[in-house]
Amino acid sequence: MELKDAIHARRSHKAFDTSHKLTPIEIESLMSSAILSPTAFNIQHWRFVLVTDAPLREKIKKVSWNQSQVTDASLLVVLTGDLMAWNKEPERYWKNAPANVRDYLVPAISVYYKDKPQVQRDEVMHSCGMAAMNLMLAAKDLGYDSCPMDGFDFEAVAKLLKLPDDHTPAMFVAIGKSIQEPWPRPGQLSLEEVVKYNQF
């Protein structure tokens with residue numbers, strides 16, 4: 001599928017074929033696309049929890065407004081982020097860069113993140129959002145549909161997934177074979193309203 005076609009065809013689907021399974025090769029393809037998404041300073045702080053255990057998905061559904069796609073989709077990906085990835089051997093993120101680039105950027109990581117919890121969280125959310133878009137477009141390219149989700153109890157999900165204290169959930173992406181057409185686009189704002197040049 002051409003990229004433009006995938007962008008225009010991608011919609012948030014809510015009803016999935018519960019009997020359909022993604023193959024391991026398809027899952028690997030999806031995740032390989034997800035990890036090519038950008039992150040600030042290349043710290044790759046997203047962590048993807050693929051929830052395949054049915055009883056666990058039922059528990060997650062209960063703290064996610066009982067949304068059926070949590071349990072019905074072929075794959076539930078919980079995008080989480082390591083808030084402290086910036087401080088975990090940051091030199092590895094630039095190990096293949098020229099020495100002058102590495103010597104400049106590795107110390108800059110600490111300057112940007114240290115003692116700035118809001119920045120740490122904001123950057124995780126930015127990065128997970130971009131990874132989610134890669135994931136959804138890759139799914140569309142494979143002929144699957146998806147649904148991005150943030151309607152859940154973040155603290156409860158973190159506990160259910162046994163996330164480390166320095167990790168946070170960001171969002172879900174449910175992926176599978178849709179069994180119901182989505183509604184027509186409910187109200188797309190015009191370019192004139194949302195695009196500004198230089199200043200408001």
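Analyst: Let's begin with Gly151, which sits in the loop between β3 (145–149) and α7 (154–160). Helices here are DSSP runs of H or I with at least four residues, strands are runs of E with at least two, and both are numbered from the N terminus. This is a predicted model, so local features need pLDDT of at least 70 and side-chain atom pairs pLDDT 80 or more, while totals for chains, interfaces and linings use all residues. Residues are numbered from 1 along each chain as its sequence is written, and side-chain values use heavy atoms, leaving out hydrogens and water.

Gly151 is buried, with 10% relative accessible area (buried is under 20%, exposed over 50%, partly exposed in between, using a 1.4 Å probe and protein chains only). Setting aside neighbours within four places in sequence, Gly151 touches Ser64, Trp65 and Gln67, where contact means heavy atoms within 4.5 Å. Asn66 is 85 residues away from Gly151 in sequence, yet their C-alphas are 9.7 Å apart.

Now for the aromatic rings. Rings of Phe, Tyr and Trp (its six-membered ring) pair up if their centres lie within 6.5 Å; planes under 30 degrees apart are stacked, over 60 edge-to-face, and the rest tilted. That rule gives 7 aromatic pairs. One of them is Phe41 with Tyr113, edge-to-face at 6.1 Å between centres and 65 degrees between planes. Phe41 is in the loop between α2 (24–34) and β1 (46–51), while Tyr113 is in helix α5 (residues 99–113), so this pair ties together parts 72 residues apart in sequence. Phe41 is partly exposed at 21%, whereas Tyr113 is buried at 1%.

Tyr113 also pairs with Trp86: their centres are 6.3 Å apart and their planes at 15 degrees, so this pair is stacked. Trp86 comes from the loop between β2 (75–82) and α5, so the pair links parts 27 residues apart in sequence. Trp86 is buried too, at 5% relative accessibility. Together, Phe41, Trp86, Tyr112 and Tyr113 make one aromatic cluster.

For contrast, here's a bit of surface. Leu189, in the loop between β4 (167–176) and α8 (191–194), is exposed at 52%.
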